[in-house]
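This report describes the overall build of a protein model and then turns to a few of its residues. Please keep the sequence and the structure in view while reading.

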Amino acid sequence: MPFKDDETTVEPEIVDRFDGGFGWFAHPGETMQRASHAIDFGDGVWIVDPVDAPGIDAEIEALGEVKGVAVLLDRHERDAAAFARRFDVPLSHPPYVDREFDAPTEMLGATLPGEDVEVIRTLSWPGWSEAALYDGQTLLTADVLGNASYFTAGPERIGVHPMVRLSPPQNLRQVNPDRILVGHGPGIDEHATRALDRALNGARRRLPQAWVAGLKSLF
């Protein structure tokens with residue numbers, strides 16, 4: 001199983017489906033489990049950190065009219081520009097997500113334009129700045145949280161990124177999501193706040209287990 005697969009073309013695996021949104025793995029066999037999402041927050045569909053896949057446009061269009069594409073992390077440039085061009089919508093990102101895109105761009109402020117959705121800065125490190133989206137029910141993160149094999153340790157259903165465990169994002173303690181969606185792995189939609197608390201509270205304590213899991217995922 002490759003860690004990352006940008007070559008194999010297969011039907012995407014739909015994950016995280018709920019009323020008003022879904023996610024997909026463009027390359028279901030890769031260890032990274034890069035997850036992309038399309039969500040109707042109320043005023044149109046936002047496509048977040050997407051990796052392209054055959055037939056995925058039809059799945060997105062079934063949700064409603066696409067309003068924009070959002071990128072929450074510079075490493076998640078992925079195929080965002082291609083989606084923005086295809087749907088003829090802006091590509092939006094926070095000003096601290098510093099990346100050039102081959103598509104018209106707009107800067108995100110404290111909320112998604114026209115939506116009651118917070119844009120939360122979850123990480124501010126040299127070379128690594130990241131945002132999350134939160135509408136009071138759904139928390140959508142990029143890399144600080146994940147559910148791929150190399151993110152979780154022990155009893156965790158969702159885990160803090162192995163490189164962030166020494167200093168997990170404390171502002172996520174202020175949210176109480178019913179659902180958590182992540183950039184790597186499937187999300188969770190049961191007891192999500194409890195799972196988030198467990199991930200944050202145990203991030204440092206379970207760091208050795210997480211690093212061992214991360215090393216194993218490379219082989």
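## Basis of the description

Helices (H or I, at least four residues) and strands (E, at least two) are DSSP runs, numbered from the N terminus. The model is a predicted one, in which local features need pLDDT of at least 70 and side-chain atom pairs count only at pLDDT 80 or more, whereas totals for chains, interfaces and linings use all residues. Residues are numbered from 1 along each chain as its sequence is written, and side-chain values use heavy atoms, with hydrogens and water left out.

## Overall build

The protein contains four helices and 13 strands, and its C-alpha trace spans about 45 × 40 × 35 Å along the principal axes.

Of the 219 residues, 56% count as buried, where buried means under 20% relative accessible area, exposed over 50%, and partly exposed in between (1.4 Å probe, protein chains only). With contact defined as heavy atoms within 4.5 Å, 54% of the contacts between residues at least 6 apart in sequence join residues at least 24 apart.

Not counting residues up to four places away in sequence, S36 touches F22, G23, W24, V48, D49, P50, V51 and R78.

D49, one of the residues that S36 touches, is placed in the loop between strand 4 (45–48) and helix 1 (56–61). D49 is buried, with a relative accessible area of 3%, and its phi is near 50 degrees, a positive value in a residue other than glycine.

## The loop between strands 7 and 8

P113 belongs to the loop between strand 7 (105–107) and strand 8 (118–125), and E115 lies in the loop between strand 7 and strand 8 as well. P113 counts as partly exposed because its relative accessibility is 35%, whereas E115 is buried at 8%.

Leaving aside residues up to four places away in sequence, P113 touches W46, K67 and L108, and E115 touches F41, G42, D43, G44, W46 and K67. The side chain of E115 also makes a polar contact with the side chain of W46 at 3.4 Å.

D88 is found in the loop between helix 2 (80–87) and strand 6 (91–93). Its relative accessibility is 70%, so D88 counts as exposed, and the phi of D88, near 55 degrees, is a positive value in a residue other than glycine.

G187 sits in the loop between strand 13 (179–181) and helix 3 (192–201) and is buried, with a relative accessible area of 18%. Apart from neighbours within four places in sequence, G187 is in contact with D16, N147, I180 and L181.

Notes: A polar contact is a pair of N or O atoms within 3.5 Å; within protein, one must be able to donate a hydrogen and the other to accept it, and residues adjacent in sequence count only if both atoms are side-chain atoms.
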